[in-house]
Amino acid sequence: MNFETILFEVNSGVAKITINRPKALNALNKQVFSELEEAMNEVYNNFDIKGLIITGSGDKSFIAGADIKEFSEFTVEQGEELSRNGMRIFKIIEDSPKPVIAAINGFALGGGLELAMSCHLRIASDNARFGQPEVGLGVTPGYGGTQRLTQLIGKGKSMELLLTGAMLKADAALVLGLVNQVTTQDELMKAAQDLMGKINNVAPTAVSAVIRCVNAFYTDGVDGFNTEAVEFGKCFATEDFKEGTTAFMEKRKANFPGK
Ligand code: CAA
């Protein structure tokens, strides 16, 4: 795969996507989205990839939002299309059957925070800053920020951040549950890899099923309890379940085939 705006690598079964436009603080333009979609396709379909970490290039910014220079002359129709395309690709991240961790290494603003919130888990370095500053540009968030921020931190605090466009520091984001963990800049990638390692120690098919169950809670017209019952039942036909229960009874560590 030949990418210009992202870096894509796989080490020991863990893929890493680095948004790589450091001169623009890794702002998301059309090309980033199209390359991100291609990389996600690989994450979905390559059996050897067990999880994904998404980060930003450099030590200042994770992603400073959608590329403002790209959309400044857009029409109403182009604006809506930009939003729908970004939402579609972030939904691919959210629905990924492999766990996705955002390693937030600096500014996570606008579309950058929206991307981080579409990941399953978020770890931030202590220099990270979070916000939805779109109202200051005369627009709303467009990649699901009004919805996912409210899901993650509740309506009151979400309204405050969305209406003021204020920036949060990493420790405040931790208290709100916007991030799962805060580390030093130096320890960020190791912390993300360690967390991924813990997830990759358990049954991959069960991990995918849990992601589907949790996402069902947020899907209109879907009864998440029903989804859970169906997913629970499906586990009984997996090799992972056989291995997990057998290993328990044989008092040994399970070696999950991921099927
Ligand atoms: N789009 C395009 N370029 C951006 C950018 C963005 N979102 N954010 C930063 N850049 C560019 C700057 O224009 C600048 O480029 P030049 O050197 O060519 O002028 C370069 O990155 C470095 O940025 P600054 O000089 O501004 O760096 P700073 O340290 O002084 O400030 C910052 C950092 C506070 C993050 C500031 O860059 C900033 O406020 N950026 C914009 C943040 C923002 O409003 N994000 C929301 C975008 S809209 C959106 O995301 C909509 C949506 O939901 C779909």
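**Charged pairs and buried residues**

At 7% relative accessibility, Glu231 counts as buried, where buried means under 20% relative accessible area, exposed over 50%, and partly exposed in between, computed with a 1.4 Å probe on protein chains only. The structure is a predicted model, in which local features need pLDDT of at least 70 and side-chain atom pairs count only at pLDDT 80 or more, while totals for chains, interfaces and linings use all residues. Residues are numbered from 1 along each chain as its sequence is written, and side-chain values use heavy atoms, with hydrogens and water left out.

Glu231 forms a salt bridge with Lys234, with the closest N and O atoms 3.5 Å apart; a salt bridge is a side-chain nitrogen of Lys or Arg within 4 Å of a carboxyl oxygen of Asp or Glu. Side chains of opposite charge can pair when their charged atoms come close. Both Glu231 and Lys234 lie in helix α10, three residues apart, which is about one turn of the helix; helices here are DSSP runs of H or I with at least four residues, strands are runs of E with at least two, and both are numbered from the N terminus. Lys234 is partly exposed, with a relative accessible area of 44%. A network of salt bridges links Arg212, Glu231 and Lys234.

Helix α10, which spans residues 224–235, also holds Thr227, and this residue counts as buried at 17% relative accessibility. Not counting residues up to four places away in sequence, Thr227 touches Arg212, Cys213, Ala216 and Val222, contact meaning heavy atoms within 4.5 Å.

The structure holds 11 salt bridges, and another of them joins Lys190 to Asp194, the closest N and O atoms being 2.7 Å apart. Lys190 and Asp194 both belong to helix α8 (residues 188–200), where they sit four residues apart, about one turn of the helix. Lys190 is exposed, with a relative accessible area of 53%, whereas Asp194 is partly exposed at 40% relative accessibility. The side chains of Glu250 and Arg252 also meet in a salt bridge, at 2.7 Å from N to O; Glu250 is partly exposed at 49% relative accessible area, and Arg252 is partly exposed at 36%.

Glu134 is placed in the loop between β8 (129–131) and α5 (145–153). Leaving aside its neighbours within four places in sequence, Glu134 is in contact with residues including Gly111 and Glu114.

The axes of α3 (residues 76–94) and α4 (residues 111–118) come within 8 Å and cross at roughly 30 degrees, the axes being lines fitted to C-alpha atoms over the stretch in contact, with angles running from 0 to 180 degrees between N-to-C directions.

Ile123, finally, is found in strand β7 (residues 121–125) and is buried, with a relative accessible area of 0%. Not counting residues up to four places away in sequence, Ile123 touches several residues, among them Ile101, Ile104, Leu188 and Leu195.
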